[in-house]
Amino acid sequence: MAAREGVSCTLCHQIQGDNLGTEDTFSGEYRIADADDNGAFTIYGPYQDPVARPMQNNSPYTPVAGSHMRGSALCASCHTLYTPTLEVETGTPTGNNFLEQGPYLEWQNSIYQTGSVQEQQCQDCHMADPQPNAYTTRISLTPNGAVNETWPERAPFATHSMVGGNTHVLELLRDYRDVLGIEASTTVAGFDEKIAQTRSLLQNKTAELAITSTAIDNDQLNVDVRITNNTGHKLPTGYPSRRVWIQLTVRNANNQVIFDSGAPDANGHISTDTKRLDPTCLAIEKSQDFDSNACYEPHRDVITNDSQIAIYETVLGDTNGDITHVLLHADSYLKENRIPPQGFTNSQASAIEPQILPVGVNGDADFNALNNQEGSGSDTVHYRIPAAGQTGPYTVDAKLHYQTIQPAFVNSLHADAGKVNRFKVMYAENPPVVETLATASAASN
Ligand code: HEC
Ligand code: HEC
Ligand code: HEC
């Protein structure tokens, strides 16, 4: 219901505080109380001693202070999602619950968790745009639009900006307002503003990129590129169609490109998409001896030619251990090298929920580690660029790209039905935006 109707004010504000942040309330199992004997519902807000009378007089709600409104566990109820695994051939549930997304469980394993020095709840990053210093507000006006001076002034105030990373779907919603029947309730300017806020979060608060060394070694240029995750969870987080990758471009003294790994084309495709989009990889059922390794780019620590790309993503495996793009077939991760948040350790992950452990990064000593210290929230990729016959100085440009719906998740939609086809048309007309999270440049001789 929440997904179709949108998440309304009264839904979020009626969620009860009990058992939040536990399996009892994950996967949208939050509790909302029935009306009391007088037909009134309890609605929670973050402030002590709310002025209750006006809302009671004008609505069926009684406002009550609920400290749970300020905590990440509230968001965990909807944003920790387990999906039941179905067997590929029969569609029978296996009894396994697959963690489709778990930003809360990732956050619990970060420097932002409750009680730590750098504590940041989900609300702090996603709901509170910077406020002018010491901003206070009476929150509401009286029904005739006047200010009631006797009502308390409140702070802090959360603007409910609710921005994430998804510029692409916002663009689709904006451009197809008529087809989608949302013209009356939305405006183009409103979507443009949300897209701008989202882009600002992506560019300013999401990640850092640094070229940490460049060196010539005989006929080879060695470049190290480090990504650091600044979010409160994995990067990228959320639905498994997201990916983040590095584009590294090297030019010689004549300004000719001699190496280009991860360059997106106008449709948001990168070179490794050729194998990922092969029909055998997208098919629901695979042959007995199917080799999923041929379908996706593995985690890369060292890159020796530009057909290899450092991509941070999840790759889902079905009950046969083959690659799948069907969410309900997902049984395990074949690849899970999304960059952990700062403070993340594997031992904590095992204790919280083993499904948040990285997969496929064995042997990469600097994945989530810096100077042998686990929990850096960073990864360094080592490029070994062939430069025989080339003349320096070389210019090195690194870009960190992000995409919410990578092409394989659309090409693998097999249903030939109205809504699916409509989405495919919108996607084709509006290819997946590539957002650039960060850039870095360096010169070498
Ligand atoms: C996704 C859940 C969610 C939705 C939807 C939501 N709120 Fe909130 N609201 C919160 C949370 C969480 C807080 C507390 C934020 C804090 O203090 O960190 C809050 C705080 C408030 C406050 C106290 C002042 C402030 O902004 O801090 C008011 C008033 C409020 N919400 C009204 C609304 C109205 C009106 C709507 C619909 C237009 C709405 N909320 C929709 C979660 C939600
Ligand atoms: C330190 C700041 C910070 C904290 C704390 C934080 N986030 Fe985020 N979050 C971000 C940034 C920046 C992005 C955009 C980049 C991305 O998508 O990973 C983001 C993205 C998201 C997205 C959008 C992903 C998508 O699929 O489009 C969701 C959902 C989300 N966060 C939920 C949460 C929840 C739930 C919590 C609390 C458990 C939380 N965040 C805590 C900074 C934060
Ligand atoms: C009642 C369920 C529910 C609760 C509670 C909830 N969310 Fe969400 N959230 C959703 C759904 C569903 C979406 C996806 C699309 C939509 O309806 O906007 C979403 C989308 C988001 C996004 C992604 C925006 C984007 O486009 O990338 C962010 C960020 C987010 N929520 C943060 C939060 C935070 C922070 C909290 C806690 C204060 C929270 N949510 C609580 C259901 C919920």
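**Reading a predicted model, step by step**

Q: Is D49 buried or exposed?
A: D49 is exposed, with a relative accessible area of 64%. The cut-off you need here is over 50%, so D49 counts as exposed. Bear in mind that this whole structure is a predicted model.

Q: Okay, and where is D49 found?
A: Look in the loop between β1 (41-45) and α3 (53-58).

Q: What should I look for in the phi angle of D49?
A: Start with the general idea: most residues other than glycine have a negative phi. Now the case here: D49 isn't a glycine, yet its phi is positive, at about 50°.

Q: What does phi look like at I139?
A: I139 is another residue other than glycine with a positive phi, near 70°. You'll find I139 in the loop between α6 and α7 (167-175). Its relative accessible area is 47%, so I139 is called partly exposed.

Q: How do I read peptide bonds, then?
A: The bond joining L235 and P236 is cis, with omega about -10°, and P236 sits in the loop between β6 and β7. From G392 to P393 the peptide bond is cis too, with omega near 0°. P393 has its place in the loop between β15 (378-386) and β16 (394-403).

Q: Now the metals. Which protein donors does the iron atom of ligand 2 have?
A: The idea is to list the N, O and S atoms within 2.8 Å of the metal. For the iron atom of ligand 2, the protein gives H126 (NE2) and H233 (NE2), lying 2.0 Å from the iron.

Q: Where in the chain do H126 and H233 lie?
A: H126 is in helix α6 (residues 122-126), while H233 is in the loop between β6 (220-229) and β7 (243-251), so this pair ties together parts that are 107 residues apart in sequence. H126 is partly exposed, at 24% relative accessible area, whereas H233 is buried, at 16%.

Q: What geometry does the site of the iron atom of ligand 2 have?
A: You go by the angles between donors. This iron has six donor atoms, with angles of 89 to 179° among them, and its site is octahedral.

Q: Which protein donor does the iron atom of ligand 3 have?
A: A single one: H79 (NE2), 2.1 Å away. H79 lies in helix α4 (residues 72-79).

Q: How is the protein chain divided into domains?
A: There's domain 1 (1-79), domain 2 (162-204) and domain 3 (206-444). Take the centres of domain 2 and domain 3 over C-alpha atoms and they are 26 Å apart. Their contact takes 16 residues from domain 2 and 17 residues from domain 3.

Q: What area do domain 2 and domain 3 bury between them?
A: Buried area is what two parts lose on being put together. For this pair the figure is about 1,400 Å², 53% of it on carbon and sulfur atoms. On the domain 2 side, H168, Y176 and L202 lose the most area to domain 3, together 42% of what that side buries.

Q: How many salt bridges are counted between domain 2 and domain 3?
A: The count is one salt bridge.

Note on methods:
Residues numbered from 1 in each chain as written. Chains lettered and ligands numbered in written order. Predicted model: local features only at pLDDT ≥ 70, side-chain atom pairs only at ≥ 80, totals over all residues. Heavy atoms only, no water. Donors = N, O, S within 2.8 Å, 3.2 Å for Na, K, Ca; no water. Helix = DSSP H or I, 4+ residues; strand = E, 2+ residues; numbered from the N terminus. Tetrahedral: all angles 85-135°; square planar, octahedral: opposite > 155°, others 65-115°. Buried < 20%, exposed > 50% of the residue type's maximum accessible area, 1.4 Å probe, protein only. Domains from an automatic or database assignment. Contact = heavy atoms within 4.5 Å. Buried area = accessible area lost by both parts, 1.4 Å probe. Salt bridge = Lys/Arg side-chain N within 4 Å of Asp/Glu carboxyl O.
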